[in-house]
Every structure is written in structure tokens, then in C-alpha cells.
Amino acid sequence: MLLDYDVALEDDFQQFIKQIPAPVRALLDSADPVARHQRQAVYTLFGIPGQPATMTPLVEALAMVSTLDTPSFAPTPTINDLALSKAHAYASQYLLQQFIRMVSHTTMLPSANRHELLTAAQSLPLANLNRLRLNFNQRERIADFLKDTKDRPAKLTSLSGYLAACLAGPDPAICGLARAIGESVGIVLTILTDVQVTQ
């Protein structure tokens with residue numbers, strides 16, 4: 001791991017998971033704890049220790065949306081695969097609505113920051129759609145890989161940095177810088193993970 005994360009963030013995440021209805025919670029075992037800890041490390045880097053915990057699971061809710069409704073498919077799906085795919089789609093819709101509700105009702109962020117988070121969340125399903133198209137066509141260039149990395153895993157890492165910086169202070173320049181650094185860290189970590197998996 002590149003950075004250490006505040007263990008309290010993991011506790012906040014686990015508390016958030018416990019509040020999710022059981023049918024949705026039962027589908028969440030495919031979440032990647034390494035990627036979550038990397039996002040938590042970026043959040044720790046830009047955040048203030050002891051910040052109120054209510055906002056820390058926001059980005060993780062988006063990550064779970066992407067994990068549940070993956071841009072992949074089985075070549076010959078069984079009835080069970082199809083049913084599970086629909087269950088994942090419904091669960092991801094629930095989590096996305098939770099994200100929107102949490103962002104919309106918070107008083108901890110100015111409206112410009114809330115708007116930025118909602119806009120970023122809206123772009124993630126489109127990024128998954130583009131990834132699905134690449135998977136289906138089975139053609140991917142390096143430029144496609146980099147764009148997909150930037151649009152999906154790196155976007156989540158960038159939002160962790162952005163959210164932490166915005167909660168720490170309202171300076172838009174610092175929030176933007178935290179977002180850019182988080183994105184760069186997310187790209188590097190994704191490339192490193194992919195290299196390790198393919199070796």
C-alpha cells in the first residue's frame with residue numbers, strides 16, 4: 001500500500017454497512033478492501049483527524065455501486081446469473097439513491113461542492129457503460145485503458161481527496177488540487193494492481 005489510512009475511517013465504513021438493509025448488504029461481498037483502503041488513505045492525507053464521521057462513507061457508497069453493477073457479463077449466463085445480475089442492479093440503485101440523499105441533505109458542504117459530487121456520481125454509470133462496450137467489442141487500446149482507469153477507479157480516489165479537502169476547508173483551489181492528486185494516485189495504484197495481477 002502506498003499510504004496509511006486512519007483506522008477510524010474503516011470503523012465509519014463498517015457502521016455505514018450495518019445501516020444498509022439486509023438484502024442489499026448480502027450482495028456486498030464482492031467489494032475490494034484494498035481499493036477501499038487506498039481511497040481511505042487519500043482521504044486521510046487531505047482530511048482533518050477527528051472530522052465528523054457522517055460523510056466519510058460517501059465515496060464508498062459510489063464504489064459499491066460500481067462494484068455491484070459491474071461492466072462485465074458471462075458469455076452464457078444461467079438463470080441464477082441473470083437473477084443475480086438484476087439483484088445487483090437494484091441494490092446499486094438503492095446505494096446510488098443513498099449517496100444522493102446523503103449529499104443533498106448535508107449541511108457540512110457548500111452547495112458548489114455538493115453539486116460537484118452529484119455530477120461526478122452521475123458520470124460513473126456512463127463510465128461503466130463505456131467499459132461494458134469495450135468488454136463486448138473485446139478491443140482495447142492503451143488510450144482506452146487509461147481513459148477507463150481515469151473515469152472509474154481513479155475518479156473514486158479523486159473524490160476521496162476532494163471530499164476530505166472540502167470538509168477540511170472551503171478553499172476551491174485546495175479542493176481541486178486534492179482531487180487532481182487523488183486522481184493521479186488512483187491511476188498509479190490501478191496500473192500497479194493490474195501489473196501485479198497479470199504477472
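Trainee: Is Glu116 buried, partly exposed or exposed?

Mentor: This is a predicted model, where local features need pLDDT of at least 70, side-chain atom pairs count only at pLDDT 80 or more, and totals for chains, interfaces and linings use all residues. Residues are numbered from 1 along each chain as its sequence is written, and side-chain values use heavy atoms, with hydrogens and water left out. Buried means under 20% relative accessible area, exposed over 50%, and partly exposed in between (1.4 Å probe, protein chains only). Glu116 has a relative accessible area of 30%, so Glu116 is partly exposed.

Trainee: Which residue forms a salt bridge with Glu116?

Mentor: A salt bridge is a side-chain nitrogen of Lys or Arg within 4 Å of a carboxyl oxygen of Asp or Glu. Here the closest N and O atoms are 2.5 Å apart, and the partner of Glu116 is Arg179.

Trainee: How many residues apart in sequence are the parts that Arg179 and Glu116 tie together?

Mentor: Helices are DSSP runs (H or I, at least four residues), numbered from the N terminus. Arg179 lies in helix H9 (residues 172-198) and Glu116 in helix H6, so the parts tied together are separated in sequence by 63 residues.

Trainee: Over the ring of which residue does the charged end of Arg179 sit?

Mentor: A charge sits over a ring if NZ of Lys or CZ of Arg is within 6 Å of the ring centre and within 35 degrees of the ring normal. The charged end of Arg179 is 5.3 Å from the centre of the ring of Tyr162.

Trainee: Is Arg179 buried or exposed?

Mentor: The relative accessibility of Arg179 is 18%. Arg179 therefore counts as buried.

Methods
Helix = DSSP H or I, 4+ residues; strand = E, 2+ residues; numbered from the N terminus.
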